[in-house]
Amino acid sequence: MTSPPRLMTALAVLLATTLYGTTTAHAEDDPPGTEPSASAPVDVDPNDPDLKLPDGATLAQAKVLDIKSVVEEQSGDERREDTNTSVTLALQAEVLFGKDSSKLGAEAKSRITGIADEIRTQNATRVRVFGFTDDLGSSAHGDVLSKRRANAVHDVLSQSLNDAGITYEVRGYGEQYPIADNATEAGRKKNRRVEVSFPRTEP
């Protein structure tokens, strides 16, 4: 029978590490929202005889990913991701903007104000506003449009919150980090979005 420490080691390897050849993972290559929020629960000894690595392979640094709950409206207009450390709210671009535009519509401001209310409730002092597009058109155009849209959402958030103690990170990622298949219009619609994320209040 496997002893608990060895079982924990095996579990940690399966859940918290990835095998690489001679390269290692770099944090800047990770998509937004996948940063580790805690250290590994156990140290993994790469020289453990029970750990079978291919010749020349090394262990990447262990990463603990939060348990994530994802809720999406049936219409797909809004998507919410909750982890034990953060909240991410995504609004589809069609809900916020006209086609190929970064000008907010009338309904958009009330939705963004609702997000501001939750940021206030969580007492968040750090807010990320990231814009994304589908892969139609040029990559350069998508980068510019997604940044303009993120800026527009940020402007309404900052006005609604009116709190100098909040730090904002605003970026446009263009077609990077899709959450659906760009081969279909339904997928592209989901990828055209602005995400607002912020830390959850410590329990």
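Q: What makes strand E4 and strand E5 a pair, and do they run parallel or antiparallel?
A: Two strands pair if DSSP finds at least two bridges between them, and 5 bridges join strand E4 (residues 78–82) to strand E5 (residues 86–92), so the two count as paired, and they run antiparallel. Strands here are DSSP runs of E of at least two residues and helices are runs of H or I of at least four, numbered from the N terminus. The model is a predicted one, in which local features need pLDDT of at least 70 and side-chain atom pairs count only at pLDDT 80 or more, while totals for chains, interfaces and linings use all residues. Residues are numbered from 1 along each chain as its sequence is written, and side-chain values use heavy atoms, with hydrogens and water left out.

Q: Why is the contact between Arg80 and Glu118 called a salt bridge?
A: The term requires a side-chain nitrogen of Lys or Arg within 4 Å of a carboxyl oxygen of Asp or Glu; the side chains of Arg80 and Glu118 meet at 2.6 Å, N to O, and therefore qualify. This pair links distant parts of the chain, Arg80 lying in strand E4 and Glu118 in helix H3, 38 residues apart.

Q: Why are Asp117 and Arg120 separated by about one helical turn?
A: The two residues are 3 residues apart in helix H3, which means a separation of about one helical turn. Asp117 also forms a salt bridge with Arg120, the closest N and O atoms being 3.0 Å apart.

Q: How do you know whether Arg192 and Glu185 are buried or partly exposed?
A: Arg192, at 13% relative accessibility, counts as buried, whereas Glu185 is partly exposed, with a relative accessible area of 41%. Their side chains meet in a salt bridge at 2.7 Å, N to O, and both belong to a network of salt bridges that also links Glu94, Asp134 and Arg188.

Q: What makes the link between the side chains of Asn182 and Asn191 a polar contact?
A: A polar contact is a pair of N or O atoms within 3.5 Å; within protein, one must be able to donate a hydrogen and the other to accept it, and residues adjacent in sequence count only if both atoms are side-chain atoms. The side chains of Asn182 and Asn191 make such a contact at 2.9 Å. Asn182, in the loop between E7 and helix H5 (185–191), counts as buried because its relative accessibility is 14%.

Conventions. Buried means under 20% relative accessible area, exposed over 50%, partly exposed in between (1.4 Å probe, protein chains only).
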